[in-house]
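Please look over the sequence and the structure shown here before reading the report that follows.

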Amino acid sequence: MTFFQNKTVWITGASSGIGEALVYELAKQQANIIISARRQEELERVKKNANYNNINILTLDLVESDTFETKTKEAISFYGQVDVLIHNGGISQRSWVKETTLEVHRKLMEVDYFSYVALTKAILPHFQERKIGQFAVISSVMGKIGTPMRSAYAAAKHALHGFFDCLRAEVWKENIKVTIICPGYIRTNVSLNALTATGEKNNQLGEDIGAGFPADKCAQQVLKAIKNGKNEVYVGKSFGKEWLAMQMQRFFPNILANLVKKQVPK
Ligand SMILES: NC(=O)c1ccc[n+]([C@@H]2O[C@H](COP(=O)([O-])OP(=O)(O)OC[C@H]3O[C@@H](n4cnc5c(N)ncnc54)[C@H](OP(=O)(O)O)[C@@H]3O)[C@@H](O)[C@H]2O)c1
């Protein structure tokens, strides 16, 4: 029996990339799975590819937080409970501060931060009632450091750490866990879907993302961190430059600050 067998896991951003890879890994581990994102047809494709019966589709737009109470009730109704919520859906950004509109900053905060807060608040009473539950939060290395052309994204990801560290400190007594995951570069559509300065789709595969860590291996590391009840983990290439940047942020922040000034965004 695997850790996830018969556990109900709700994944947002399950129509692509890391979320999609998580679905396939969880199917192998015989979890009860709920998959969310905006695009129904992509969720159908993921379900078909997983070739696994215990998958329920629940479309959800992360900017429509007024629907979250209803969506959460629906999610619980599929299997009678939710054990783990993987907050994963999100968008990135490729633009300089001086050119980025305030709308883009607000959009990133809405999708990558406020939606996580709102969905957490919608399901928290369920976890508290059952005295068990786990939030897994896909942050980023950008949740710990800041580099050129990621101001809105890094701000939203940094905010997640503040919110979820506080939540963990409040709810641990009720047997509710919070695991924050910081992926490095993972090979997905994230750079294609990222927003430009004026909010258009970037439509370019970044060099670092193209050469990134495979999403299936990332998913395996994410599930291991959830299973082990970790507070915060890095996932991605071992000893890659993103890993190194996180170590430097911790131990030599001034050296890192000087290095990132010279970074050419790819
Ligand atoms: N790839 C990386 O290098 C990397 C590194 C660090 C962190 N991350 C994080 O990993 C998470 C997943 O990203 P990914 O790399 O897998 O990128 P991706 O392939 O672009 O997937 C993004 C997912 O988020 C969903 N999404 C976007 N906007 C949404 C909205 N308004 N409402 C509902 N769902 C929405 C998309 O589904 P729909 O379009 O169907 O709605 C899609 O399923 C993100 O939080 C990202 O910040 C990625």
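## Strand pairing and the sheet

Two strands count as paired if DSSP finds at least two bridges between them. In this predicted model, strand β4 (residues 84–87) and strand β5 (residues 133–138) run parallel and are joined by 4 bridges, and within this region leucine 85 stands opposite phenylalanine 135 in β5.

These strands belong to an open sheet of 7 strands, which follow the order β3-β2-β1-β4-β5-β6-β7 with parallel pairing. The edges are taken by β3 (55–57) and β7 (232–235), and because each of them has a single partner strand, one side of each is left without a neighbour in the sheet. On average, and with direction ignored, neighbouring strands of this sheet are turned by 20° against each other.

## Helices packed on the sheet

Helix α1 (residues 17–28) packs on the sheet, where α1 touches β1 (8–11), β2 (32–35), β3, β4 and β6 (176–183), and the direction of α1 makes about 165° with that of β1. Helix α3 (residues 68–79) also packs on the sheet, touching β1, β2 and β3, with a direction that makes about 155° with that of β2.

## Phenylalanine 135

Phenylalanine 135 and valine 178 are 43 residues apart in sequence, whereas their C-alpha atoms are 4.8 Å apart in space.

## Positive phi angles in two loops

Most residues other than glycine have a negative phi. Glutamine 30, which is not a glycine, has a positive phi of about 55°; glutamine 30 lies in the loop between α1 and β2 and is partly exposed, with a relative accessible area of 41%.

Lysine 131, likewise a residue other than glycine, has a positive phi near 55°, and its place is in the loop between α4 (102–130) and β5.

## A nonpolar surface patch

On the surface, Phe251, Phe252, Ile255 and Leu259 form a nonpolar patch, and together these residues have about 420 Å² of accessible area. Isoleucine 255 lies in helix α10 (residues 253–261) and has a relative accessible area of 46%, so this residue is described as partly exposed.

Definitions and conventions. Residues are numbered from 1 along each chain as its sequence is written. This is a predicted model: local features need pLDDT of at least 70, side-chain atom pairs count only at pLDDT 80 or more; totals for chains, interfaces and linings use all residues. Side-chain values use heavy atoms; hydrogens and water are left out. Patches are made of residues with over 30% relative accessible area and no salt bridge: like charges are joined within 9 Å, nonpolar side chains (Val, Leu, Ile, Met, Phe, Trp, Tyr) within 5 Å. Accessible areas come from the Shrake-Rupley method with a 1.4 Å probe; for residues, only the protein chains shown count as cover. A salt bridge is a side-chain nitrogen of Lys or Arg within 4 Å of a carboxyl oxygen of Asp or Glu. Buried means under 20% relative accessible area, exposed over 50%, partly exposed in between (1.4 Å probe, protein chains only). Axes are lines fitted to C-alpha atoms, for helices over the stretch in contact, and angles run from 0 to 180 degrees between N-to-C directions. Contact means heavy atoms within 4.5 Å.
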